[in-house]
Amino acid sequence: MSNFKNLTGNSSLALPLIAILGTAVALTATPLPAYAGGVVGTGTPASCTEAALDTALKGGGTVTFKCGTQAHAIAISKEKSIAANTTINGGNLITLDGGGKTRILAVGNGIKLTLANLTITNGFSTQQGAGIFSGNKSQLTVTNCKFNNNVSTSGGTFDGGGAIFISSESTATIQGSTFTSNKAGNGGAINNLLSNLTVSNSTFTSNESTRSGPPGGGGGAIYIDGGNGGNGKLSITGSTFSKNKAVFQGGAIFIQLYNNDAITIDKSTIADNIVNGSGNQGFGGGIFIVSQSSNGNFTLTNTTLARNIATNQGGGLWTGNQAKVIMTNTTIYGNQAMSADGKGGLGGGIMRTGGTIEILNTTIASNIAGFQGGGIMGDGSVRITNTIIANNVAKNGGNNWNIKNNCFDTLSSGGSNLQFPAKNAYDASDKDCASGIVTADPKLDSLKSNGGSTQTAALLKGSAAINAGDNAQCPTTDQRGTTRPQGTKCDLGAFEFK
């Protein structure tokens, strides 16, 4: 586990004054490039050089580009130090390309940097943050930007951030941006250290965490090591994580909370990610979360975790230490925890080793564990309400036991839950998922788009989950935003049948 200690860590170009006395004369001198006011270039691609960018960045302010109407890449041979508050707007045409040889932007302590409509690619650093290194107490805002193939090779236990590294006591806001094929020890795309981070409407694809740990090591796309000041506010909304990879922990996202830190993931899709280490590795194919305090809260709402893979524990989600998880209107579908030989693996959908989990109106279906706990590996510290746990499979290490398919142990019940199929009545070690749970077929459709921003497993006509919920505890809408209830009672799971 991570146990981090804090680190401390438009100017105008004056034009020559030419005094002309008497009769006007014709001047034949070569015109000077018009870089004044933070504008890079004079209208042609050839005028948009690294030297022109260096000039525009001096003294901060707003930097724009005049390089013609076509996309243009500026080769960066030396990282650009941002020592004053700066805005860079690429106009959806400009790429800053490190050529696989240098970091691209280094932001000083306490500095505000705003990036918009810009591509940052092929950054490289043996330190942290190959695309952007953002210093202590900085403010970073990124809107509609692309980060591709940025690589940090820093080998420290908690180092990383292929695209972006955010130093402590900072604030970072990422909006409408894409992160593709970035790579680092921890946090293939983003490494967030003791700072507040907001990510919205962004896409993370094929990013990779290379560190194998322990300690440290994880977050194929994002590595979060705490929020700002122990009261950190962290959120991920409307975002998609797919095909990201880690070796140790968190195929898509690694989260560690301290004190009163809180993180929310809402209306997001975390699918087809993998954590593929062997032995004491391979935890949390989609999300891995721990908290060093019982006050550390993780709220997961209106989100789908699907087809993620862990080679050890927690195909969709792994929780531990003192993490307090609240899960509502969420679909955990088709994830698997399975070793390379197919005989090991615990918690195909969810693995809980510490803390508590509250699960409300959630669908946990068609997940697989190589050994036990196909749906959930948990105990009474997991409480389920209005929830469906169905069609999960535990392969029992290749043995013909047919036990622990949906749940490893008895969970706490808030009422109105459904499981399918029934426990193995011929093996006393197999248990119902919760006291009083109904065993009946929910008749779930496959995972697909049914409206809303995330895929869901729809209830089909005749499902035992229809009108079976407790209205007093149901959320007012389902995962898609459909009003509950549609009938006399709300439905079980994340999908409300019309």
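Is Asp409 buried, partly exposed or exposed at 21% relative accessibility? I looked it up, and Asp409 counts as partly exposed. My cut-offs: buried is under 20% relative accessible area, exposed is over 50%, and partly exposed lies in between (1.4 Å probe, protein chains only).

**Ground rules**

I am working on a predicted model, where local features need pLDDT of at least 70, side-chain atom pairs count only at pLDDT 80 or more, and totals for chains, interfaces and linings use all residues. Residues are numbered from 1 along each chain as its sequence is written, and side-chain values use heavy atoms, with hydrogens and water left out.

**Entry: the sheet**

I traced an open sheet of eleven strands. I took strands (E, at least two residues) as DSSP runs, numbered from the N terminus. Two strands pair if DSSP finds at least two bridges between them. The order reads E4-E6-E9-E13-E17-E21-E25-E29-E33-E37-E41, with parallel pairing. Strand E4 (80–82) and E41 are the edge strands, and each pairs on one side only.

I then looked at E25 and its partners. Strand E21 (residues 222–225) runs parallel to E25, and four bridges join them. Tyr223 has Phe254 in E25 as its bridge partner. E25 also pairs with E29 in the parallel sense, over five bridges. There Leu257 stands opposite Ser291 in E29.

How many of the five residues of E25 are buried? Five of the five are, so E25 is largely enclosed by the rest of the structure. I checked both faces of E25, and both are covered. Ile253, Ile255 and Leu257 are buried on one side, Phe254 and Gln256 on the other.

Further along, I checked strand E33 (residues 317–321), which pairs with E37 in the parallel sense over three bridges. Leu317 stands opposite Ile350 in E37.

**Entry: aromatic rings**

I found ten aromatic pairs in the structure. Rings of Phe, Tyr and Trp (its six-membered ring) pair if their centres lie within 6.5 Å; planes under 30 degrees apart are stacked, over 60 edge-to-face, and the rest tilted.

I opened Phe248 and Phe283 next. Their ring centres are 6.4 Å apart and their planes stand at 75 degrees, so this pair is edge-to-face. The pair links distant parts of the chain, 35 residues apart. Phe248 sits in the loop between strand E24 (245–246) and strand E25 (253–257). Phe283 sits in the loop between strand E28 (274–275) and strand E29 (287–291). Phe248 is buried, at a relative accessible area of 3%. Phe283 is buried too, at 10%.

Phe371 lies in the loop between strand E40 (368–369) and strand E41 (376–377), and Trp401 in the loop between strand E44 (393–394) and strand E45 (412–415), so the pair ties together parts that are 30 residues apart in sequence. Phe371 counts as partly exposed at 28% relative accessibility. Trp401 counts as partly exposed at 38%.

The charged end of Lys404 sits over the ring of Phe408, 4.9 Å from its centre. The test is NZ of Lys or CZ of Arg within 6 Å of the ring centre and within 35 degrees of the ring normal.

**Entry: salt bridges**

I found twelve salt bridges (a side-chain nitrogen of Lys or Arg within 4 Å of a carboxyl oxygen of Asp or Glu).

Arg352 and Asp379 meet at 3.4 Å, N to O. Arg352 is in strand E37 (residues 350–352), and Asp379 is in the loop between E41 and strand E42 (382–385), 27 residues apart. Arg352 is buried at 14%, whereas Asp379 is partly exposed at 29%.

Back to Asp409: Lys431 forms a salt bridge with Asp409, the closest N and O atoms being 3.1 Å apart. Lys431 is partly exposed, with a relative accessible area of 35%.

Elsewhere, salt bridges that share partners join Glu50, Asp54 and Lys80 into one network.
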